[in-house]
Amino acid sequence: MALMMLVAWTVISVQGKATLKSQTTELLNKWVQSLEDGDRLYAQLESIRPADCGPDHLRRLNTIVFHENSISNIWYFGAETTHAQCSSVFGAFDPPIDLGDPTRGLFSTDDRVTWYNRPISAIEGLYTLTVVKKGSYGVSFTRTGNLAVAEDDQFYVADPGDPDKIRSQASGNPDLLTAYKNDFGPMVGNIYARACSDGSISLCYLTMISSVTVLWENKWPLTIFFLFSCITGFLVSQRVNRIVHKMRSPAGRIRRAVARGGAGFVPYYQPIMTLEAMECQGCEVLARFEDEYGKLYPDQFIATIQELGLTWEFTEIIIKKALKDLSPLLAGRPGFKVAVNFFQADLEDDRIQTVIGSPVFKLAADAKISLSCEILETGIRAGTSIAKSLEYLRSIGCSIAIDDFGTGYSNLAQVKALKPDLIKIDKMFIDDLTHNSDTARSAFINVILDLASAQGISVCAEGIETMEQLAALRNRSVDFGQGYFFAKPMPIQDFSLYLLEKAMKRRIPETERLGKLFPLVR
């Protein structure tokens with residue numbers, strides 16, 4: 001409950017600080033805009049003729065004030081330095097009004113002088129005024145002043161780039177900046193807000209509201225929240241305990257699965273077909289995950305595996321499970337390729353020795369199963385040691401395939417250096433074959449085929465879904481194909497029946513073929 005109240009107060013104090021900051025910044029921006037408007041007017045004012053306190057001159061000044069949103073009054077000094085002879089609002093002064101000694105360099109680095117919040121008694125109903133003078137004219141502003149909600153404030157000019165160093169004090173509490181720097185923040189102290197302008201002159205406006213005021217203004221929301229916390233605290237804590245007990249993060253689930261030898265991971269198999277003879281000559285091993293908390297999809301657990309640095313442990317588990325599944329099934333099927341996706345990180349210098357030293361490769365050799373190492377084209381980077389790592393894998397009996405070719409930025413020289421046995425064309429290129437055979441992507445397939453033919457590399461098309469795509473690929477003499485047109489990824493029970501069904505179709509005449517086979521237990 002105390003934590004909930006602390007959170008409530010934190011939210012209120014942070015919101016209060018944000019509101020005060022917004023209002024402070026808005027007022028400072030009005031000051032800056034007014035100074036910029038006045039600076040723009042000086043040259044125009046100096047060009048007015050005749051320059052005196054006659055009716056024509058005053059009428060011109062009133063017209064300018066009427067069209068300026070931020071200017072409330074224009075003062076004419078003439079040759080005088082501190083005596084205003086007339087103004088657009090009050091007319092001519094007789095005698096001229098002495099404003100006293102001005103402050104130089106308060107708001108500018110040029111010859112402008114300022115009377116800021118200067119007390120004045122010569123004009124009835126006007127108690128203080130602010131005038132910024134340059135040359136023969138001075139201007140007063142409409143939108144400046146103090147922030148009404150602030151209990152204390154300080155307006156000063158700081159060194160550019162250092163708002164804590166005061167160059168000159170304009171108004172307000174001169175000690176407020178020191179209190180602000182020593183304050184512990186809105187949750188345990190007063191609420192401060194400061195805004196400073198950019199440029200050679202840095203105008204800063206610092207405001208303060210006491211925490212007691214904020215607390216008092218929010219007494220009813222805090223009281224209601226306190227009562228709500230008392231009533232619901234116990235129930236919420238019990239509910240949270242149950243949720244925490246039931247829910248487990250993907251990272252924790254994956255880490256436990258790997259530590260338990262891959263419990264929850266299940267290999268799925270997708271056939272790879274020869275497009276000329278339409279025979280299944282290989283498969284790609286894909287992983288699925290499900291534990292007592294439910295399923296995790298590949299895009300969830302693959303990223304988690306990479307974040308945890310368990311890439312090879314995961315790959316090794318999948319290979320072991322696949323070998324266990326496929327060893328009895330592939331006996332008497334020489335040349336059947338089992339493709340497994342490898343992570344780029346496992347092919348770097350610091351990991352490749354661990355990989356090639358794994359017992360899974362000897363298990364595959366003993367079972368006479370040919371493993372194919374698939375690497376993503378996006379994992380090919382110039383200057384890496386991947387080519388050397390792939391040679392290591394070849395030396396222990398693996399073939400090499402580049403997966404999703406066309407999605408990365410590898411050049412032909414990099415591909416040639418890797419000497420792959422197989423290039424797998426990404427599905428997005430195959431999709432275009434359905435709609436238009438003359439697109440840039442379909443033309444890219446021809447480039448890949450020419451490259452592969454010149455280098456003696458086989459080509460596999462991924463993502464085949466229609467007869468039209470299949471026909472287009474066969475017409476281009478693509479070697480292998482894979483996709484939902486042939487079969488979706490499936491567990492070992494279904495894959496076993498799939499291979500059996502294909503084998504029976506080759507051996508039994510068309511008229512005597514059996515119907516589709518189904519596993520006894522799914």
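This is a predicted model: local features need pLDDT of at least 70, side-chain atom pairs count only at pLDDT 80 or more; totals for chains, interfaces and linings use all residues.
Colleague: Why is strand β1 described as largely enclosed by the rest of the structure?
Modeller: A residue is buried under 20% relative accessible area, exposed over 50% and partly exposed in between, with a 1.4 Å probe and protein chains only. Five of the six residues of β1 (residues 71-76) are buried, so the strand is largely enclosed. Strands here are DSSP runs of E with at least two residues, helices are runs of H or I with at least four, and both are numbered from the N terminus.

Colleague: What makes β1 and strand β7 a pair?
Modeller: Two strands pair if DSSP finds at least two bridges between them; β1 and β7 (residues 137-141) have five, in the antiparallel sense, and N73 stands opposite S140 in β7. With β2 (residues 83-87), β1 has two antiparallel bridges, and Y76 has C86 as its bridge partner there.

Colleague: How do you know that the buried residues of helix α15 lie on the same side?
Modeller: In α15 (residues 467-475), Q469, L470, A472 and L473 are buried. Taking the directions from the helix axis to the C-beta atoms, they cover an arc of only 165°, which puts them on the same side of α15. The face turned away from that buried side carries the exposed residues M467 and N475.

Definitions and conventions. Residues are numbered from 1 along each chain as its sequence is written. Side-chain values use heavy atoms; hydrogens and water are left out.
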